[in-house]
Amino acid sequence: MPTKGMRSLLFHHKAPSFSVHPSPSRSSISFPTPRRNPSAGLSFSDAMIEEIIGNAAVLAIKWDPEASGYANVTSMFYESKTEAHLFIKSVNDLQKVMHFLVTEDPTSEKLVHGHSLMQIAMKRLQKEFYQILSTNRAHLDPESVSIRSRSSRASVSTSDDEIDDGAVTDEDLHFAGESVSEAEQVSSVAMTDLKSIAECMISSGYAKECVHIYKMIRKSIIDEGMYKLGVERFASSRIHKIDKEVLDIRIKNWLNAVKVAMTSLFNGEKILCDTVFAVSNSIRESCFTHIAREAATLLFGFPQALVAKSKNFSSEENIFRLLDMYTAISENWPEIDSIFSFDSTATVRTQALNSLIRIGEAVRSMLSDFEASIQKESSKTPVAGGGVHPLTQRVMNYLSILTDYSNVLADIFVDCPPPAKGLLPEFDSPNSEESSAPPICHIMAWIVLILICKLDGEAKNYKDVSVSYLFLTNNLQHVISKVRSSNLQYLLGEQWITKYEGKMRQFAMNYQQLAWGKVFSTLPENLTAEVSPDEARLVFRNFNFSLEEAHKKQKSSVVPDEKLREEIKASLVKTLVSVYKEFHDTHRVSVGSARSLALNVRLTPEDVEAYLSDLFSGTMEPVSSSSRRRSH
């Protein structure tokens, strides 16, 4: 007997249980029930052996692809589902008889005949297995399989006993799948057929042939799917030569590929593998590993290659792409760990983890470079009108977007030590202890503090000290506004916001006192005290002159934020106009004649209020710089 024949007999996997007769109405071929000997397992009479081998011969010869042109071009499972399952059953019965003969009569001619029939049957099943896999590519694509798994699995499913006994017939299929789509039904039927063929071939000792066909076809589908998703192999040495625009497209493709691969491609392939080769854990693992490991390793290796080789990734805005990639892997980690749980796919899990580590290192490096860029800012030209500095806008826009990734950043910086104790503002934490805040909170607070210190230095470039305070007010307001409108509010806390809002109000008060103090000083402390007409005229003239001078200096000052602008004007109007009104109403009549009144009292309280109403949104004029420093 050929070596392969002995292998097929002696090194087979488990044989499915041998149970009931098929209904006579389903086939003209009858399958006898073997007599069970409690001491020797299954026992067959000579008549039973003859009948089983004879039945197997009828079906094997009928569907021999080398003996019949019809059999060569026709699918047995497509032509008659009933006969296909009878074919499977006859092969299973033949295998049991051959196993019995090897034990009882190893030199039997019936054993040789049975082996010859088994080879013919295996060729047929190989062909059927290949045809089902090939012709159902569209219905067995991983996405379809994945969708079917999430929907109604039971619509066309049967028990293992029904499959073994040929219980699924052409008539049965007519009533199946009303709750699922036609595509899902076709997918379910194909998977059931593949499973029955695989179990038959494996139990008959032809696992190698079955697995070879499966691996060949399914791997091509996975590789094709990855290619369509834009994931392809290229030398890491070429990454730094890729244009920024092309690299950006590759990253977008990769992000989409991870989503599709984990929800459909790899998930669907795992489900299909687990279904078809449910009979053998080792074969299931071997097939899935061969089909998916290379593609998955390539997919999850892209971020690591990117951060290691690309020179186009040094600019600060690319941190968001890295965080997107980190998010894609970390959010899919439960699926990665589950789908690639085999020891033989550990390299996939390792690659995904390595990419997370490398991305984390790159993000920490980029944020460190960003911090350094703030400190290196060396502009000596003051912003016109004390407006918001471009550095403030850049830093706060960057941080507000960055904190959209708060959870990811918390993971990346979890082991990073905070800045030196005492350098940071307080946090609003449950324990009211600075140390209880996670590291990312400290890091964000530190960067904002660096910005505020930098702005304090920029304020010293103004010749007019009052404008330097307006500059600090505007910029601190912009910082607080960005904090409140982003996730920074949760990282820095309400206590931080309250503290710096107090500082902003103090800066605004300092501006008002320095910019308009001379105007206030022209009015006497006791506004209603009796003064001579000459003294009254002098006060009115000095007030008019000081107001005009202050207005001339401040007309180019700006407050970009509308709410803050109105608050500063309202405060100025409330204090200055109310003081002037009291003096004006008390002493206007003592100035003298109408001519003297017109000459000395040129402004009514209403005029003063109108005079102040156009402040902080006027002409933006260049501001000269000076080495004069703002006093504290």
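Modeller: Helices here are DSSP runs of H or I with at least four residues, strands are runs of E with at least two, and both are numbered from the N terminus. Before we go on, this is a predicted model, so local features need pLDDT of at least 70 and side-chain atom pairs count only at pLDDT 80 or more, while totals for chains, interfaces and linings use all residues. Residues are numbered from 1 along each chain as its sequence is written, and side-chain values use heavy atoms, with hydrogens and water left out.

Back to Lys454, which is buried and yet has no salt bridge. Buried means under 20% relative accessible area, exposed means over 50%, and partly exposed is in between (1.4 Å probe, protein chains only). A salt bridge needs a side-chain nitrogen of Lys or Arg within 4 Å of a carboxyl oxygen of Asp or Glu. For charge, Lys and Arg count as positive and Asp and Glu as negative, with His and the chain ends not counted. The nearest side chain of opposite charge to Lys454 is Glu458, 5.3 Å away.

What does the side chain of Lys454 reach, then? That would be the backbone oxygen of Gln375, at 3.0 Å. That's a polar contact: a pair of N or O atoms within 3.5 Å, where, within protein, one must be able to donate a hydrogen and the other to accept it, and residues adjacent in sequence count only if both atoms are side-chain atoms. If you skip residues up to four places away in sequence, Lys454 touches Ile374, Gln375, Lys376, Glu377 and Leu391. Contact here means heavy atoms within 4.5 Å.

Helix α19 also holds Cys441. Cys441 counts as buried because its relative accessibility is 5%. Now look at Leu491: Cys441 and Leu491 are 50 residues apart in sequence, but 4.9 Å apart in space, C-alpha to C-alpha.

Leaving aside its neighbours within four places in sequence, Ser406 is in contact with Asn487 and Leu491. Ser406 has 14% relative accessibility, so this residue counts as buried too. A polar atom of the Ser406 side chain lies 2.4 Å from the backbone oxygen of Thr403.
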